[in-house]
Amino acid sequence: MGRDVPVVAFSRDDRRNYRDKVRRNLDVFAQMLRESRFEFDRPLAGLEIELNLVDARGDPAMRNAEVLAAIAQPDWATELGQFNLEINIAPQGLDGDGALRLEESVRARLNHAEERARSEGGHLVLIGILPTLRQEDTHEGTLSANPRYKLLNEQIFAARGEDLHLCIEGVERLDTYADSITPEAACTSVQLHLQVSPEAFAAHWNAAQAIAGPQVAIAANSPYLFGRELHRETRIALFEQATDTRPTELKSQGVRPRVWFGERWITSVFDLFEENVRYFPALLPLCSDEDPAAELAAGRIPSLDELTLHNGTVYRWNRPVYAVVDGTPHLRVENRVLPAGPSVLDIAANAAFYYGLMRVLPHAERPVWSQMSFSTAEENLSSAARHGIEARLYWPGLGEVPAAELVLRRLLPMAAEGLALWRVDGAVADRLLGVIQGRCLTGRTGATWQVEATEAIGGERREALRRMTLAYIERMHTNEPVHTWDL
């Protein structure tokens with residue numbers, strides 16, 4: 001939901017008009033799918049990376065506006081909290097040494113941004129949840145200044161009618177309430193984009209859902225929230241709860257959450273957009289002047305503003321994206337399950353693992369989703385978030401096995417095959433997938449390193465987390481993969 005919006009109060013007419021407009025958008029989208037008006041898939045990889053800002057002591061620094069002004073680059077943007085930033089990496093090919101160039105591009109941009117952030121007393125951190133973040137750092141006053149965040153906050157709480165209840169049972173227990181959506185800002189992620197054709201979209205989305213659990217298990221990097229050790233990837237549960245528009249009674253009635261894994265395998269991208277319209281009321285009922293049917297009839301491509309804005313307020317872990325670039329529409333799968341960090345190399349390895357699998361699984365003669373229930377894929381994600389690399393996951397032909405065994409025996413060979421089909425240089429593919437293999441063999445992810453390092457420091461928890469965070473930042477800058485980090 002990255003679009004800028006004005007400060008506005010919504011009337012009942014606004015909501016009625018928006019509902020009508022979204023439905024017209026959906027009809028036009030269906031017509032475009034029937035008429036095959038989309039650009040076909042190309043092997044392009046795009047990234048969005050969210051980061052935290054800290055001060056010299058490792059505590060959150062509420063200075064994203066000042067740091068963003070100092071960076072002064074169009075591919076950087078604010079995120080929800082004043083201690084967040086986001087960088088958008090333009091899509092590029094993976095063939096040859098493309099994956100290496102992508103990694104180098106990210107490192108160069110982050111190094112420049114870190115230099116500029118230091119001039120404002122800040123430092124960048126690639127981490128799923130900042131361990132030094134306190135609950136008192138997450139209130140409405142620490143929302144970023146962009147009006148869209150204030151408006152989103154107001155609409156979520158208007159829909160709920162009460163404070164957010166955050167309750168996460170893990171190694172320790174967190175049970176608290178929040179009077180704003182700012183706790184969501186604690187969740188910093190890496191989002192992977194893959195452009196696909198309408199005909200192939202369902203297979204790619206289903207495949208992405210099937211591998212969400214293994215992705216999270218081997219990349220977990222969020223064990224702490226508000227000083228408590230919870231899940232290995234606490235970000236999953238936190239994001240689900242921090243944007244929940246449902247009071248307890250609506251949950252009991254089975255009303256669907258806005259952060260949503262889904263409930264079924266799909267047969268068309270239309271299924272997802274239609275579910276958005278059918279199940280979710282508008283959070284931001286803003287209408288543009290575009291008449292989508294008139295645009296299409298005139299031979300132009302409509303932007304479908306209301307449909308895409310609505311889609312941006314339904315937070316699927318694998319989200320469909322409709323976009324128009326240079327007058328041509330295309331579709332993307334946006335993979336949203338991964339945390340940021342620990343290093344740029346770790347991020348590149350996670351991306352290579354995903355893109356490799358997505359080149360093979362959607363094209364299998366007997367697809368994995370025809371051999372596994374949808375609820376099992378969801379259970380895999382839940383188990384992976386809770387237990388990380390120590391999770392036990394189900395996979396067809398193997399049954400329930402340790403996550404590391406599943407990745408080593410079945411998924412890494414598939415990812416290697418997929419990268420070869422993308423025509424990624426063998427040495428580049430081996431280096432990146434070797435990082436995934438190293439995590440599986442050592443049992444070390446960002447989450448396990450954070451916990452082990454904190455325990456090794458000992459003493460009072462808050463001070464241990466602060467010292468661990470500084471040690472994490474130091475190792476992050478070496479760009480060595482986390483499974484090689486010392487304590």
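**Tour: a buried threonine, a helix, a cavity**

Start at Thr 245: it is buried, with a relative accessible area of 12% (buried means under 20%, exposed over 50%, partly exposed in between; 1.4 Å probe, protein chains only). This is a predicted model, where local features need pLDDT of at least 70, side-chain atom pairs count only at pLDDT 80 or more, and totals for chains, interfaces and linings use all residues. Residues are numbered from 1 along each chain as its sequence is written, and side-chain values use heavy atoms, without hydrogens and water.

Thr 245 sits in the loop between helix H7 (234-242) and helix H8 (248-252). Helices are DSSP runs of H or I, at least four residues, numbered from the N terminus. Show its contacts (heavy atoms within 4.5 Å). Leaving aside residues up to four places away in sequence, Thr 245 touches Ile 156, Ala 159, Arg 160, Arg 258 and Leu 283.

Next, select 426-442. This is helix H15, with 17 residues. Its buried residues include Val 428, Leu 432, Ile 436 and Arg 439. Among the elements covering the buried residues of H15 are helix H3 (98-118) and helix H12 (344-360). Step just past H15: Gly 443 has a positive phi of about 75 degrees.

Last stop: the largest cavity, holding about 110 Å³ of space. Of its 14 lining residues, Ala 99, Leu 102, Ala 348, Ala 351 and Ala 352 are the closest to its centre. A cavity is a set of points on a 1 Å grid over the protein atoms alone where a 1.4 Å probe fits but cannot get out; lining residues have an atom within 4 Å of a point. Volume is the space filled by probe spheres set on the points, joined across faces, edges and corners. H12 gives the largest share of the lining, six residues.

Conventions: Helices (H or I, at least four residues) and strands (E, at least two) are DSSP runs, numbered from the N terminus. The expected span of a helix is 1.5 Å times one less than its number of residues. On a 1 Å grid over the protein atoms alone, a cavity is a set of points where a 1.4 Å probe fits but cannot get out, and a pocket is an open set with protein on both sides within 12 Å along at least five of seven lines; lining residues have an atom within 4 Å of a point.
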